[in-house]
Amino acid sequence: MFATTEMSRLTVAAPVGKLEAVLRKCASLSCVHIEEYEHFQDGIGVGRALSSEGADKTSAMLTKVRAVTSAVQAINTEGPVAAKDAASMMESFGPKVDDALAYLETIRESESSISTLSDQLQVLERLAPLDLPLELMGGFDGLEVYVGETPRASKSKAVFSALGTEILLHSAPGVVAVACQPQHAAEVQICLAELGAKAVQIPSGEGSPAKKATAVRDEMATLENTIASSREALAAWVDRNARSLVALEEFLTREDAIYTAPTLVAVSDQAFALDGWVPTSQGDMVKAELGKIASHVAVDAYVDPHHGHGHDDHHDDAPSHAKELVMLSDYLLKTKQSVFQFFKAIDLDDSGKIDSYEFQQALKSSNIGDLPPWDIGPLVQALDLDGDGKINLPELDIALTMVRATPVQDEHHEEPAPPIEFDNGTATQPFELLVDLVGRPKYGTFEPSMLIMMTFPFMYGMILGDWGYGVVLLALSFWLGSKPFAVDPLAQKGMTVLRWMGVWCVIWGIIFAEGFGFVWDGSMYDTAGVLKDGYRWGPDIAILTSFYDWAHDVLVMPESLAVLLGLGDSGHPFVMMPFHRASAGHGLEQYVSLAVYLGVFHIFVGLIIGFKNVNKAHGLDAAFFEKGSWLMILIGGFMICRNFIMGYNDLFELQPLWNFLLIGGILCLIVGLAIYEGFGWAGGILMGPIETFGLLANTLSYLRIMAVGVAGVKIAEVSIIMGWENILVGLENGGASGYLTAALCFVIFMFVQVFALALGILSPTIHAARLHFVEWMGKFYDGSGRAFAPLGGRSLHVEGQS
């Protein structure tokens, strides 16, 4: 519930010839995350992508399919395709993909031609006023022609008057053309510069620019018709083939992952070693399935080395290597021998197999050790994978590959932590989206999706707090959920989060008696018959009036609790519903207090979680000084401020318990910073008191709930003051002017309501997210985890793959 899926380390070794079979089995299981091999040594490295006709076809087809899917919006609304049908599409669906690519190519070429023609048309339209044939503007042998754009074309005759008959000048509004012999070219260019003319590139062709422009427009219209028809054909193609396209892309992506997966594993001349992770709950199944193919399969429960746990959790087949094998591996590296060369040298009878005697002599001649028969026997038996009592070349290579693929454990090397797979129920899964925004949690730490499910919509609703807008959000979520894209699991999660936000907005809106900016409790006037301040009241609906009259009398906080929390006193009880949050004296003060109480409680929970995380990772003493100190500061500081605001004590008056917690917490924080956080004593003494103000800022940050909430109320109130009230006045006055006023005010009312709704969706979401990601999760969360990514991915559109 509050933890991620437990992971176990998977180690697989087998002859190289079985690499593809092992990888295909891993992909079919859909629960094997392969760890990339990075510990390069002589004689062992990463493998190469599988090269075969099938791999080439897969790569080529995947490139085509992705080119289509990137250009169209293909959605599978008909359910998954059988795996055998998806495989058969490799051949049958190819021509259809080519048809789609042809449509796309036609569209792209037409758009490119239109872009070129558009530039050409602009030039022709600028030249048209000259009414000169294009071939004349291109120049001749012995005659140069200059055409330029200028806003001062009307002054061209005066500028070129000095050249007289040496030139031919033709001008029109905005453009001039000048023909001259080469010897006058420099003078013409000077005159054009004086006019501020910009040269015009003359397009190729003959005839009038105006007629040429007409022909270009006709050609562009033809191309636009071609684009429209191609898009219609492409849309029809997508409607017919969307399911097959999406399923084929998923199938090909999985196949491509299999073909390229050898680049993730350690490979020698004869064997390979695969290092990965599997969910612990599926470890036995994975071991059984891979054991049918591979020579060596081990699944070992992960134990965090920082937790100081024992090794009881390890399986009996935990990877361990005899020191003689480690020494033999080092010997081969030192002498630069391959496993094949060493094997041939010690195979004395050239039988292709090594018995116990030959292996004993090999270890002795290599200065590794002179083992007695009772020691060499078990060693040979451990290497003998086929059970014939002897060692063959692949068996020896597998053993040495496993030795070399195992990272060297030293103080400078840290084993990779397991990848993170969420483990939540159906109700909580949608809120994993929010957790992913700040990264997956570090393995073994608290996973907050369920708490976010409880608190994020709650805070959002407390800020927006309008049942009318909440109903709109619910309607929006259901409408979006009816769209084709909603079949995507990610979209479904987003719609669920939006739905919960709407539900809590309705709940808080009922508590606040707010709907579309109106207050609906029906109590328009106070006891003196004066209209109350602070709200614009909605229509008097009998059922709502009766409900809120009942709530006003019944839903009152007990006096003792109200006094304790500072939300009321004996003369002014705290009415929990209707709760007028934006009206001073009617709930605004309590709204402020509730925001602060919520912030203190939220941060308190975050520090408790942080205490638990640090205790698990580093022990109770570290947890106390790193997180316990903050708990003491939070409790002590909050109670001192509460007592001061409620008038119980002066701010600096001695309060033994709370002063002890505050000052003791600061001292413990200094120790925590100095020793456990690595600041040193100077840094701890300096930073400890300063950091305390950060906690105060975090707590006061929850006042944004009140500030943004009241601001939203006032924005919605603008629509009522400027719109709704004037609508009623206009309708009451009647006549043309009255109805016109009502119509205009209705537009204003709707515009401000839509603006308030849009702002209400965006702003409370941002602020609620900030309170979780910064103020709360900053107290315990480490988002350095990496997502669990099984080989081949998880199947959504192809059934039978996993």
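This is a predicted model: local features need pLDDT of at least 70, side-chain atom pairs count only at pLDDT 80 or more; totals for chains, interfaces and linings use all residues.

Me: What is the packing angle of helix 16 and helix 21, and how far apart are their axes?

Reply: Helix 16 (residues 449–464) and helix 21 (residues 588–618) pack at about 165°, and their axes are 13 Å apart. Angles over 145 degrees count as roughly antiparallel, so that is how helix 16 and helix 21 run relative to each other. Their crossing is left-handed.

Me: Which residues meet where helix 16 packs on helix 21?

Reply: From helix 16 you get Leu 451, Thr 455, Phe 458, Met 459, Met 462 and Ile 463. They meet Tyr 591, Leu 594, Ala 595, Leu 598, His 602, Val 605 and Ile 609 of helix 21. Sorted by class, that contact has 11 nonpolar residues, 2 polar ones and no charged ones.

Me: Now a loop. Is Gln 655 buried or exposed?

Reply: Buried means under 20% relative accessible area. Gln 655 has 6%, so it's buried. You'll find Gln 655 in the loop between helix 22 (620–645) and helix 23 (656–676). Setting aside neighbours within four places in sequence, its contacts include Met 639, Ile 640, Asn 643 and Phe 660. Met 639 is 16 residues away in sequence and 9.6 Å away in space, C-alpha to C-alpha.

Me: And how many helices and strands does the chain have?

Reply: There are 26 helices and 16 strands, and 44% of the 802 residues are buried.

Methods
Residues are numbered from 1 along each chain as its sequence is written. Side-chain values use heavy atoms; hydrogens and water are left out. Axes are lines fitted to C-alpha atoms, for helices over the stretch in contact, and angles run from 0 to 180 degrees between N-to-C directions. Helices (H or I, at least four residues) and strands (E, at least two) are DSSP runs, numbered from the N terminus. Angles under 35 degrees count as roughly parallel, over 145 as roughly antiparallel, 65 to 115 as roughly perpendicular and the rest as oblique. A crossing is left-handed if the near helix is turned anticlockwise from the far one by less than a right angle, and right-handed if clockwise. Contact means heavy atoms within 4.5 Å. Ala, Val, Leu, Ile, Met, Phe, Trp, Tyr, Cys and Pro count as nonpolar, Asp, Glu, Lys and Arg as charged, and the others, Gly among them, as polar. Buried means under 20% relative accessible area, exposed over 50%, partly exposed in between (1.4 Å probe, protein chains only).
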